[in-house]
Amino acid sequence: MLRRWREKRGARPSPDTLMPPEGVPLTLPIAGVGVRLAAQITDIVITSIAAICLLILLLVINLTSPQTIVAVGALLFFLIRVPYYICAELAWNGQTLGKRLMKIKVVSHDGGPLTAHALVLRNMMKEAEVFLPGTLLLTLNAATPAESLISLGWILMALLIPVFNRYRRRLGDMMAGTHVIHLPVPVLLKDLASEAPLPAQNAKKIIFLAHQLDHYGAFELQTLESLLRSQDKITSPAAAKQQQATIEAIVEKIRKKIGYADPVPPADRLRFLRAFYNAQRKHLEQRQLFGDKRENKHYAQSSEEA
Amino acid sequence: MNGDELIRSARFRKEREADWQRLEQLVLAAENRGLQHMEFAETRDLASLYRQATTSLAIAREISLDKALLGYLEALTARAYLCVYAPQQRLGGLIERFFTKSAPQAMRRSWLYILLGFLCMALGAFAGYLLYFENNDWFYVFMPEELSGGRGPDATTESLLDSIYGHDTGTSGLGAFATYLFSHNTRIAIFVFGLGVFACAPAILLTFYNGLMLGAFVAVHIDRGLGPDIAGWLSVHGVTELSAICIACGGGLQLGAALLFPGDRTRAEALRHAGRDAVKLALVAAIMLVAAALLEGFARQLVNDTGTRLILGWGIGALWLAWFTLAGRERT
C-alpha cells in the first residue's frame with residue numbers, strides 16, 4: 001500500500017522543476033515553511049518599528065492623547081503594514097526586505113511575470129489569514145475562551161495549509177497563483193580537472209589502468225570532489241591533522257579496492273587522489289557518452305536486476 | 001597544462017566559461033536596474049546568452065560529472081530564466097487604471113454577488129425591525145453592550161436625542177478617526193470578506209447579523225418618534241459604511257461560490273479566477289471604509305442639521321454609485 005502510494009508520488013514531476021520554453025528542465029527549489037516564517041517575522045519587526053517611531057512622533061507633537069494611543073497605534077501599524085508588503089513586492093519583483101534577507105522570492109506559478117493583481121491579492125489574504133486572527137488572539141483574554149480558541153484554530157489552519165501541499169502555498173498563494181522559491185545563487189568554483197597538478201619533483205607519473213577504474217560510480221567521484229575542494233578551507237592545525245588522517249584512510253581504501261600495488265608515500269597522497277579523480281572522471285564520463293551511466297559503485301548489480 | 005591534456009568536460013567548460021560569466025553579470029544588472037533601464041545590446045545578449053546557457057546545461061547534464069559545474073549552471077540558468085521570462089512589470093498608471101477602469105468594471109461584473117450582499121443586510125434589518133416591535137428584549141439579544149453605549153429600550157428620549165446631536169466624544173480628531181475605523185463595522189467588513197472563502201455561510205450569517213443589529217437599533221428610535229433624526233445620523237456615514245460591508249460580503253460570496261461551485265475548473269483554479277474580481281471589491285470596500293471613518297470622525301460632529309446630514313450622506317452615496325456605474329465604460 002505504502003509502496004504503491006510512493007510510486008504514485010514518484011510519477012509526478014518534482015515541484016522544484018520548471019519547464020521553460022527551451023525544453024530544458026530548470027531547478028527552482030521551493031522555499032520551506034520555516035524560512036518563510038523567518039522572513040515574515042523580519043517584516044513584522046520592520047513594520048512595527050516604523051509604526052512605533054511614528055507613534056512616538058505623534059505623541060511628541062501632541063497629536064494624540066494617552067487614551068487613544070492603542071487605537072492610533074493599531075491604525076498606524078495597519079496603515080504601514082498593508083502598503084508595505086504590496087509596494088515592496090511590486091518594487092522588488094516579489095521580494096520584501098525580509099524575503100531579500102532570506103534570499104527567497106515570490107514567482108508566478110506558471111513561470112510567467114508577476115502581475116500587480118496577484119501581488120495585491122496574496123498580501124490582502126495575508127491580512128485575513130494571519131494578522132486578523134493574530135490581533136484577535138492578542139486582544140482576547142481568559143474571559144472569552146471560545147473566541148480565543150477559534151482564532152487559535154484559525155491561525156493553526158493558516159499555518160497548516162502550506163505544510164500539506166507540495167508547493168508550500170498558503171491560501172493567498174493559491175488564489176493569486178504564486179509560490180515562493182529559494183533564489184539560487186550561482187557560484188562558479190574552479191574545475192579540479194583543469195588545475196595544474198601539484199609540483200612533482202622527479203616523481204613518476206601516477207597512471208591507472210582501465211580495469212582499476214571500473215570500481216566506482218558518479219556518487220563516489222563527487223564525494224571525492226567535495227573532499228578535495230574542502231582542502232583549501234582548512235585553517236586550524238587540529239582540523240588539518242584530522243584531515244590528514246582521513247586522507248590516509250581514503251587513499252588506503254582506494255588502493256585496496258582497485259588493487260593499486262605501489263605504496264603511496266605520505267607526501268604524494270594528495271597528488272594520488274587528484275590523479276585518481278582526473279582519471280576516474282575521464283573514464284566515467286567516457287562510459288556515460290557510450291550510454292553506460294554509473295550512478296554509484298553498485299551499478300553492476302542494479303544493471304543485472306533490470 | 002595545455003588544452004590537449006584536458007578531459008572532455010573540462011574542455012567543454014573552458015570554451016564556454018567566459019559567456020557564462022558575462023551572463024551572470026547581465027543577470028545581476030537586470031535584477032538591480034530592471035530590464036527597462038538596460039542598453040539594447042545588453043538585453044539582446046541576455047536573451048541569447050540565456051538560451052546558450054540552457055543548451056550548455058542540457059549538455060553538461062549528459063557529459064559532465066563535475067558537481068560544481070552542474071550546480072553553477074543550474075543556478076545560473078534558473079536566475080536568468082526569471083530575468084528573461086518573469087521580468088518586473090511596469091508600474092506606471094497602475095493606480096489610475098484601478099480607479100478609472102478595473103475597479104468599476106469589476107463592480108459591474110459581480111453585480112449579482114453585491115446584490116446578494118445588500119439583500120442579506122436588508123433582510124437582517126427587516127427581521128431585526130419586526131422582532132423589536134414584537135418584543136423589546138430582542139434588542140439586548142442582538143446588541144452587544146459596548147456597542148449600544150446605553151442607547152436601548154430603557155434609555156430616555158432625551159438621552160437618545162443627545163447622543164444623536166450632542167458632541168459625544170471628548171477625544172481629539174485623529175483619535176476619534178482611529179477609533180471609528182477600527183470600530184465594529186470595519187472588523188465586520190474584514191471578517192465577511194475573509195470568511196467568505198469558507199463556503200459563503202459565515203459571510204452571509206455575519207452580514208445578516210449586522211442587519212439585525214441595524215434593524216433593532218433603528219426600531220428603538222422609531223419607537224420614540226425619532227425616525228427622521230436617526231435617519232440623518234445614520235446617513236452621514238452609514239450609507240458609505242454599510243455599502244462597504246455589503247460589497248465586502250459580495251467579494252467574500254464570490255470566493256465562497258467559486259469554492260462551492262467550481263464548474264469545469266478545479267477548485268484552486270476557480271478560486272484564482274474569482275479572486276481577480278473579489279480583490280478589487282475588497283479594495284473598493286477598504287477605500288469606502290476609510291471615507292466612512294473620515295465622515296464619522298469629522299463631518300458628523302460639524303453638521304448638526306438633519307436635512308443637511310441626509311443630503312451629505314446620500315449625496316456621497318450617489319457619488320459612489322456614479323463611479324461604479326459610469327466609470328470605465330468602453331466606447332462603442
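Predicted model: local features only at pLDDT ≥ 70, side-chain atom pairs only at ≥ 80, totals over all residues.
Trainee: How many helices and strands does the secondary structure of chain A come to?
Mentor: Chain A has 306 residues, of which 26% count as buried. Its secondary structure comes to eleven helices and four strands.

Trainee: Is Ala128(A) buried or exposed?
Mentor: Ala128(A) sits in helix α5 of chain A, which covers residues 116-139. A residue needs 20 or more other C-beta atoms within 10 Å to count as buried. Because Ala128(A) has 22 C-beta neighbours inside 10 Å, its class is buried.

Trainee: Which residues does Ala128(A) touch, not counting those up to four places away in sequence?
Mentor: Asp292(A) is 164 residues from Ala128(A) along the chain, and their C-alpha atoms are separated by 55 Å. The residues that Ala128(A) touches are in chain B: Ile190(B), Phe193(B) and Gly194(B).

Trainee: Which residues of α2(A) are buried?
Mentor: Helix α2 of chain A runs over residues 33-60 and has 28 residues. It reaches 40 Å from its first C-alpha to its last, close to the 40 Å expected. Its buried residues pack against α3, α4 and β3 of chain A. They are Ala39(A), Asp43(A), Thr47(A) and Ala51(A).

Trainee: Why might residues three or four places apart point the same way?
Mentor: The reason lies in the geometry of the α-helix. Residues at that spacing point the same way because an α-helix has 3.6 residues a turn.

Trainee: How does α12(B) run relative to α13(B), roughly parallel or roughly antiparallel?
Mentor: The two helices pack with their axes 8 Å apart, at an angle of about 170°. Angles over 145 degrees count as roughly antiparallel. Therefore α12(B) is, relative to α13(B), roughly antiparallel.

Trainee: How many nonpolar residues does the contact of α12(B) with α13(B) have?
Mentor: By class, this contact has eight polar and five charged residues. Its nonpolar residues number 21.

Definitions and conventions. Residues numbered from 1 in each chain as written. Chains lettered and ligands numbered in written order. Buried ≥ 20, exposed ≤ 12 C-beta atoms within 10 Å, placed from the backbone. Contact = placed C-beta atoms within 7 Å. Axes fitted to C-alpha atoms, helices over the stretch in contact; angles between N-to-C directions. Parallel < 35°, antiparallel > 145°, perpendicular 65-115°, else oblique. Nonpolar A, V, L, I, M, F, W, Y, C, P; charged D, E, K, R; others polar. Expected span 1.5 Å × (residues − 1).
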